[in-house]
Amino acid sequence: MPTPPSEHEDGRDAQPGATPPASRSLEIEAARIRRQVRRINDQVNERSGRNLLSAIGIAVVLIAAVLLSLLIDKRLFIPLGMAIAVLVVMELTIAMRRVGRRVPRVPSAIVALATVPIAYFFPPSAFWVAFLVGVMFVVGWRLVEAGIHRLQRGRIVTSKRQLAIDASSTAFVHFYVTFLASFTVMLLSQPLGEYWVLSFIAVVVAVDTGAYAAGLQWGRTKLAPRISPGKTWEGIAGGVVLGTLIAIAACVLLLGLPWWFGIIMGVTLTVTGVCGDLTESMIKRDLGVKDMSNWLPGHGGFFDRVDSMIPSGAMAFALYFWSTPLMEFAQRLG
């Protein structure tokens with residue numbers, strides 16, 4: 001029986017009747033598999049608009065860090081939260097400089113670093129005061145900086161209008177990132193707070209995953225084409241379904257809450273997650289950037305990764321305190 005021709009790695013057929021050694025056959029097969037994997041990876045990346053393998057790898061590392069910090073000792077989450085808050089603030093301030101808005105980076109990093117542990121160890125009133133003082137500290141730094149430049153050059157370098165823009169940009173950065181992100185840390189400080197933080201993060205990840213998968217498969221109707229052309233109502237529907245299922249499971253298995261509270265949690269966190277995503281898209285359009293940075297391969301920047309989490313943490317904090325009166329109200333109804 002004649003030996004069938006075999007395929008070389010470069011695609012040429014071997015001489016008829018020539019049987020390659022076993023090691024050569026394995027090399028040829030391995031090369032063929034590598035080509036297929038590269039082709040499939042390129043197709044997935046082109047369709048998803050990102051390096052999906054890198055994105056999955058980074059996501060696994062981040063999820064592992066969050067899980068370990070919450071399940072071993074919830075205070076370990078504080079340095080992780082401080083690092084993320086500083087990185088997101090840095091990304092935003094650097095991106096703003098591209099359009100001429102100067103938010104001082106060093107004092108902004110100091111404020112982000114300081115407010116996260118204050119939000120955990122001190123009552124909310126102390127946090128409000130620390131936050132306001134921190135914003136005034138950054139604005140004051142900018143005014144002193146402009147004054148020094150004026151003295152050095154003997155003329156006005158920065159106009160009052162520019163200083164007003166810088167001050168409002170400073171307030172926005174710290175309100176949207178530092179202030180809202182601190183609600184996650186305040187939630188963590190509550191009894192069983194680690195389980196609430198774990199639950200809301202799982203729900204938001206599920207919403208993002210469900211929206212991405214459903215949008216990729218069935219997405220037709222644009223949600224906000226001028227802000228984020230890739231988002232569709234079909235994708236949002238997929239995010240609601242998967243997020244609500246995870247929220248119901250978290251309520252029953254982790255939080256000791258009735259299943260119907262999971263529906264409230266799933267729907268509300270879907271709304272805040274989508275709002276956070278769209279808000280970041282508007283910020284990027286305003287600044288003229290596609291990603292906030294390239295510090296996370298496959299994700300863009302840290303802000304691109306936690307855009308849905310930031311407002312959702314504040315909503316989860318509210319749900320924590322609303323859960324008791326809502327259950328009492330449900331019991332009165334029978």
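Threonine 184 is found in helix H6; helices (H or I, at least four residues) are DSSP runs, numbered from the N terminus. The model is predicted: local features need pLDDT of at least 70, side-chain atom pairs count only at pLDDT 80 or more, and totals for chains, interfaces and linings use all residues. Residues are numbered from 1 along each chain as its sequence is written, and side-chain values use heavy atoms, with hydrogens and water left out.

- With a relative accessible area of 10%, threonine 184 is buried (buried means under 20% relative accessible area, exposed over 50%, partly exposed in between, with a 1.4 Å probe and protein chains only).
- Neighbours within four places in sequence aside, threonine 184 is in contact with Phe77, Val197, Phe200 and Gly313, where contact means heavy atoms within 4.5 Å.
- Valine 197 in turn is in contact with Leu70, Phe77, Thr184, Leu187 and Leu188, again leaving aside neighbours within four places in sequence.
- The largest nonpolar core has 62 residues, and Leu92, Leu187, Trp196, Val197, Phe200, Met265 and Phe303 have the most contacts inside it.
- Another core, of 5 residues, lies apart from the largest one and includes Leu223, Ile236, Val274 and Leu278.
- A nonpolar core is a set of buried Ala, Val, Leu, Ile, Met, Phe, Trp, Tyr and Cys residues joined through side-chain atoms within 4.5 Å.

**Aromatic pairs**

- The structure holds 18 aromatic pairs; rings of Phe, Tyr and Trp (its six-membered ring) pair if their centres lie within 6.5 Å, and planes under 30 degrees apart count as stacked, over 60 as edge-to-face and the rest as tilted.
- One of the pairs joins phenylalanine 172 and tyrosine 176, which are stacked at 5.8 Å centre to centre with 10° between the planes.
- Both residues of this pair lie in helix H6 (residues 160–188), 4 residues apart, about one turn of the helix.
- Phenylalanine 172 counts as partly exposed at 32% relative accessibility, whereas tyrosine 176 is buried, with a relative accessible area of 8%.
- Tryptophan 196 and tyrosine 320 form an edge-to-face pair, 5.3 Å centre to centre and 80° between the planes.
- Tryptophan 196 belongs to helix H7 (residues 193–218) and tyrosine 320 to helix H11, so this pair ties together parts that are 124 residues apart in sequence.
- Tryptophan 196 is buried at a relative accessible area of 6%, and tyrosine 320 counts as buried at 16% relative accessibility.
- Ring pairs also link residues into a cluster, among them Phe127, Trp128, Phe131, Trp196, Phe317 and Tyr320.

**Helix H5**

- Helix H5 (residues 124–153) has 30 residues and reaches 44 Å from its first C-alpha to its last, close to the 44 Å expected at 1.5 Å a residue; the expected span is 1.5 Å times one less than the number of residues.
- The buried residues of H5 include Phe127, Phe131, Gly134, Val135 and Arg142.
- These buried residues of H5 pack against helix H4 (105–121) and H6.

**Serine 308**

- Serine 308 lies in the loop between helix H10 (302–306) and helix H11 (309–333).
- Serine 308 counts as buried at 1% relative accessibility.
- Not counting residues up to four places away in sequence, serine 308 touches Val204, Asp208, Thr272, Gly273 and Asp277.

Key
Helix = DSSP H or I, 4+ residues; strand = E, 2+ residues; numbered from the N terminus.
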